[in-house]
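Please look through the sequence and the model below before reading on, and keep both at hand while the text leads you from one part to the next.

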Amino acid sequence: MSPEPRLLQLHDRLLAAFGPQHWWPGETPFEVLVGAVLTQNTNWGNVERAIANLKARGVLDFAALRGLELAELAELIRPAGYYNLKATRLRNLLDLLHHHHGETWEEVFRLPLETARERLLAARGVGPETADSILLYAGGRPSFVIDAYTFRVLHRHGLGLGLDYHGLRRLFMASLPPKVSLYNEFHALLVRLGKDYCKKGRPACVSCPVRDWAGGPAVAEFV
DNA sequence: GGCCAGGTCAAAG
DNA sequence: CTTTGACATGGC
């Protein structure tokens, strides 16, 4: 896996175009962790309603959320969609962390990066993106987050073709200095670009701020 | 009304 | 190994 210097250029251009994104929108590591599960394939606005419900109920902390009945948890997070599924997934994750670390679940972030990652992935319903989001945005660890927008943006410019999640993650991490602030901002910027200019199934916008990045307009295939 | 959203897992083919 | 289906609410 050879480094791809154009990735850092992409970051710089996105930052110049959009400015800092101030991610993750969550006040505590625990809130970030919950949000990471709730936002799976779901609009962030819906996640905010669900988190507001948990806050209003006073259960947005590790012990309280773990103590809720599953059905009750599901009802509270209903606005986030897939609420039965996500209630179980949250419960799985909290139980797994409690099993290893007791109430001091944030100890998971003190493990070597890939060990911590494997531990999070061991929870049913925590896949690579959720695990990396938790590591980066809740734990402050340099684990690059790949998502559907990242795939789409890179593929439209002919980069990372044929790479899966793990391959793209390694490409980013081999091409960038391992700085948490850089990983944080870059992923947020890619999401911003995707939302505004890189819609599914549509040609690239003429006004896309990185339209000519990597040497020319986007490729013909619009994933 | 249809499509999409900061995925993941299990079951088919 | 690749593709498909299930899971669900709310905005545009």
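How far apart do the C-alpha centres of domain 1 and domain 2 lie? They lie 26 Å apart, in a model that is predicted, where local features need pLDDT of at least 70 and side-chain atom pairs count only at pLDDT 80 or more, while totals for chains, interfaces and linings use all residues. Residues are numbered from 1 along each chain as its sequence is written, and chains are lettered from A and ligands numbered from 1 in the order in which they are written.

In chain A, the assignment gives domain 1 as 6-22 + 145-215 and domain 2 as 29-138, with bounds that come from an automatic or database domain assignment. Seven residues of domain 1 are in contact with six residues of domain 2, where contact means that the C-beta atoms of two residues, placed from the backbone, lie within 7 Å. On the side of domain 1 that touches domain 2, the largest share, three residues, comes from α11; helices such as this one are DSSP runs of H or I with at least four residues, numbered from the N terminus. The residues of that side divide into five nonpolar, one polar and one charged, given that Ala, Val, Leu, Ile, Met, Phe, Trp, Tyr, Cys and Pro count as nonpolar, Asp, Glu, Lys and Arg as charged, and the others, Gly among them, as polar.

We turn next to the DNA. Around DNA strand C, the residues include Asn41, Arg78 and Tyr83, and here the largest share of the surface, three residues, comes from α6.

Finally, consider helix α7 (residues 113-121), in which Ala116, Arg117 and Leu120 are buried, meaning that 20 or more other C-beta atoms, placed from the backbone, lie within 10 Å of a residue's own, whereas 12 or fewer make it exposed and counts in between partly exposed. Seen down the axis of α7, its buried residues fall within an arc of 100 degrees, so they line one face of the helix, the arc being that of the directions from the helix axis to the C-beta atoms. What covers these buried residues includes α8, while Glu114, Thr115 and Glu118 are exposed on the other side of α7.

Note on methods:
Helices (H or I, at least four residues) and strands (E, at least two) are DSSP runs, numbered from the N terminus. A residue is near a molecule or strand if its C-beta atom, placed from the backbone, lies within 6 Å of it.
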